[in-house]
Amino acid sequence: IDWQYEMVEALAKIPDVEIDADGTFKYILVRVKVKDGSLGKDIVRGTKSAQYHNHIFDKISPEMEALGLECECLGGGKIEHNSQDKKMRVFGESTAFGKADHSVSAEKLKPVFSGYEITWADDKK
């Protein structure tokens, strides 16, 4: 039971959202879960420094493994983050991972960016 409690703690410490402060960039929706367990959560990660969606995943995966967690990419897309106007748009898809469920990603962004207008679309551009 202690082990499970530690895993719950580890999951809780992982931020739901880590994205760039501004600009348009690739993002992925990732399911992080306890190895061999059903416990988990979905997180959003996005950055301009990633040329491809798998670059983001390749960075997260070892970090999660180190915590005793495993992750699976549920898909990707792009986030257009306009910090000045407090607007965010989630759209597009990943060639490698397919399209993320942008509605799920948008819901993840809302509590982190309260006061923002956050929209999503299944558009490619």
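The following legends describe an overall view and several close-up views of a predicted model of the protein.

**Figure 1. Overall fold of the predicted model.** The secondary structure of the protein consists of 3 helices and 6 strands. Read from the N terminus, these elements follow the order α-β-β-β-α-β-β-α-β. The C-alpha trace extends over about 45 × 30 × 20 Å along its principal axes. Of the 125 residues, 41% count as buried. The protein exposes about 7,200 Å², and carbon and sulfur atoms supply 49% of this area. Among contacts between residues at least 6 apart in sequence, 67% join residues at least 24 apart.

**Figure 2. The largest pocket of the protein.** This pocket has a volume of about 260 Å³. Its lining comprises 15 residues, of which E18, R45, K59, I60 and E63 are the closest to the pocket centre. Strand β3 (40-47) and helix α2 (53-66) each contribute at least two residues to the lining. Helix α2 provides the largest share, with 6 residues. By class, the lining of the largest pocket contains 7 nonpolar, 4 polar and 4 charged residues.

**Figure 3. The second largest pocket.** The volume of the second largest pocket is about 210 Å³. Its lining is made up of K26, Q51, Y52, H53, N54, K78, G92, E93, S94, T95, A96 and K124. These residues divide into 2 nonpolar, 6 polar and 4 charged. One of the lining residues, H53, is shown in its own surroundings in the next view.

Figure 4. H53 belongs to helix α2 and is one of the residues that line the second largest pocket. The relative accessible area of H53 is 6%, and the residue is therefore classed as buried. Beyond residues up to four places away in sequence, H53 touches K26, Y27, I28, G76, G77, E93, S94 and F97. The C-alpha atoms of H53 and F25 are 9.7 Å apart, although 28 residues separate them along the chain.

Figure 5. L29 is located in strand β2 (residues 23-34). Its relative accessible area is 2%, so L29 counts as buried. With neighbours within four places in sequence set aside, the contacts of L29 are D42, I43, V44, E72, C73, L74, G75, A100, D101, V104 and S105. A distance of 9.6 Å separates the C-alpha atoms of L29 and V17, which are 12 residues apart along the chain.

Figure 6. M7 lies in helix α1 (residues 2-13). M7 is classed as buried because its relative accessible area is 9%, under the 20% limit for that class. Apart from neighbours within four places in sequence, M7 is in contact with V34, L67, G68 and L69. The C-alpha atoms of M7 and L67 lie 8.3 Å apart, with a separation of 60 residues along the chain.

**Figure 7. L67 in the loop between α2 and β4.** L67 is placed in the loop that joins these two elements. Its relative accessibility is 39%, so L67 counts as partly exposed. Residues up to four places away in sequence excluded, L67 touches M7 and I14. The C-alpha atoms of L67 and E6 are 9.9 Å apart in space, and the two residues are 61 apart in sequence.

Figure 8. K86 is situated in the loop between β4 (69-82) and β5 (87-91). The phi angle of K86 is near 55 degrees, a positive value in a residue other than glycine. Most residues other than glycine have a negative phi. With a relative accessible area of 43%, K86 is partly exposed.

Note on methods. Residues are numbered from 1 along each chain as its sequence is written. This is a predicted model: local features need pLDDT of at least 70, side-chain atom pairs count only at pLDDT 80 or more; totals for chains, interfaces and linings use all residues. Side-chain values use heavy atoms; hydrogens and water are left out. On a 1 Å grid over the protein atoms alone, a cavity is a set of points where a 1.4 Å probe fits but cannot get out, and a pocket is an open set with protein on both sides within 12 Å along at least five of seven lines; lining residues have an atom within 4 Å of a point. Grid points are joined across faces, edges and corners, and a volume is the space filled by probe spheres set on the points. Helices (H or I, at least four residues) and strands (E, at least two) are DSSP runs, numbered from the N terminus. Ala, Val, Leu, Ile, Met, Phe, Trp, Tyr, Cys and Pro count as nonpolar, Asp, Glu, Lys and Arg as charged, and the others, Gly among them, as polar. Buried means under 20% relative accessible area, exposed over 50%, partly exposed in between (1.4 Å probe, protein chains only). Contact means heavy atoms within 4.5 Å. Accessible areas come from the Shrake-Rupley method with a 1.4 Å probe; for residues, only the protein chains shown count as cover.
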